[in-house]
Amino acid sequence: MVFIPKRGLCYDGDKFKIKAQLLMTKQIYLAGFDVFRQDAIAHGQHLQQLCAEYGFKGLYPLDNAAPSNLRGELLAEWIYQANIALIEQADAVIANLNPFRGHEPDSGTVFEVGYAIARRKVVAVYTEQQEQLIRQIPNQEQGMFALDEQGFVVEDFGLNLNLMLACSVQANCACFEECLRFLQQHYAKA
C-alpha cells in the first residue's frame, strides 16, 4: 500500500484499487503560543491552510470569538472552556513547544498537551530545539550534576524536552509540517 501525500489517497498495488481516506474528517487542535503573535489570526489561517493541504481540518483557538462584554477572569474562563471544547472535538493535537519567554515551552500549551494525552488523543509536537536539554539550558557542572543559573539540576536523559513531554507524545518533530506528515501516515495505517 502506497500513500499519496497531500491527496488523502491510498493506492493498493496488489489489488490495483484507489480508495479515498477520509482524512478531512480528522480534526487537529492547533496548540501553541502562536495566539500571542501580532499576526495571530493570519498565522492561524496559514496553519489551517497547511492542515487542509494534508487532508485535515485545523481547529485554531482564535476560531471562536469571545463575547465582547467579557473581561478579566470571566474572559479567561470563557477562553479556557472554548479551548477545552476544541480539544474534545479534535482527533489529534499538534502543539508548538518552541521556547516561550525563556527556555521552556508555553505553560498553557503544555497543559493542553497533557489534557489531550489524558483524553487519549494523538499528540504531535514540534520545536526547533532538537538538541538535548542539557545543551539548551546554560549550566555549570558541579560534581555529578549540571546546575542551571538558579542552582537546579538540569536533567540529562538525552531528550530535547522535559521527559514528561518527550516520553508522552506520539511524535516529537522539528516543524509543523513534519507533524502533519506524521499524522497523515498515522491515519493512513488506521
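**Criteria and values**

In the protein chain, residues 24 or more positions apart account for 65% of the contacts (heavy atoms within 4.5 Å) with a separation of 6 or more. This is a predicted model, in which local features need pLDDT of at least 70 and side-chain atom pairs count only at pLDDT 80 or more, while totals for chains, interfaces and linings use all residues. Residues are numbered from 1 along each chain as its sequence is written, and side-chain values use heavy atoms, with hydrogens and water left out.

Q: What makes up the secondary structure of the protein chain?
A: The protein chain has six helices and 10 strands. Helices (H or I, at least four residues) and strands (E, at least two) are DSSP runs, numbered from the N terminus.

Q: What is the average pLDDT of the protein chain, and over which residues does pLDDT stay under 50?
A: The average is 90, and 87% of the residues score at least 70, where pLDDT is the predictor's confidence in each residue, from 0 to 100. Over residues 1–23 pLDDT stays under 50, and the model has 42 contacts beyond four places in sequence for them. Where pLDDT is low, the predicted coordinates should not be read in detail.

Q: Why is threonine 109 called buried?
A: Buried means under 20% relative accessible area, exposed over 50%, and partly exposed in between (1.4 Å probe, protein chains only). Threonine 109 has a relative accessible area of 1%, so the residue counts as buried. Threonine 109 lies in helix α3; leaving aside neighbours within four places in sequence, its contacts are Ala31, Gly32, Phe33, Ala95, Asn96 and Leu97.

Q: Why is histidine 43 called buried?
A: The relative accessible area of histidine 43 is 14%, and therefore this residue is classed as buried. Histidine 43 is found in helix α1 (residues 40–53). Beyond neighbours within four places in sequence, histidine 43 is in contact with Asp34 and Arg37.

Q: Why is glutamine 170 called partly exposed?
A: With a relative accessible area of 41%, glutamine 170 falls in the partly exposed class. The residue lies in the loop between α5 (163–166) and β10 (171–173). Leaving aside neighbours within four places in sequence, glutamine 170 is in contact with Lys121, Val122, Val123 and Phe182. Its C-alpha atom is separated by 9.5 Å from that of isoleucine 117, 53 residues apart along the chain.

Q: Why are arginine 101 and arginine 120 called exposed, and what is the phi of each?
A: Arginine 101 has 73% relative accessibility and so counts as exposed; arginine 120, at 77%, likewise counts as exposed. Phi is positive at arginine 101, about 55 degrees, and also at arginine 120, near 60 degrees. Most residues other than glycine have a negative phi. Arginine 101 is in the loop between β6 and α3, whereas arginine 120 is in the loop between α3 and β7 (122–126).

Q: How do you know that the span of α2 agrees with expectation?
A: The expected span of a helix is 1.5 Å times one less than its number of residues. The 18 residues of α2 should span 26 Å and the end C-alpha atoms are 26 Å apart, so the two agree. The buried residues of α2 are Ala82, Asn83, Ile84, Leu86 and Ile87; what covers them includes β4 (27–31), β5 (57–59), β6 (92–96) and α3.

Q: What makes a space a pocket, and which residues are closest to the centre of the largest pocket?
A: On a 1 Å grid over the protein atoms alone, a pocket is an open set of points with protein on both sides within 12 Å along at least five of seven lines, whereas a cavity is a set of points where a 1.4 Å probe fits but cannot get out; lining residues have an atom within 4 Å of a point. About 400 Å³ of space lies in the largest pocket. Of its 21 lining residues, Val35, Pro61, Ile79, Asn83 and Glu112 are the closest to the centre. Helix α2 gives the most to this lining, with seven residues.

Q: How many cavities of 30 Å³ or more does the structure hold?
A: The structure holds one. The largest cavity has a volume of about 60 Å³, a volume being the space filled by probe spheres set on the points, with grid points joined across faces, edges and corners. Its lining includes Leu97, His103, Glu104 and Leu161.
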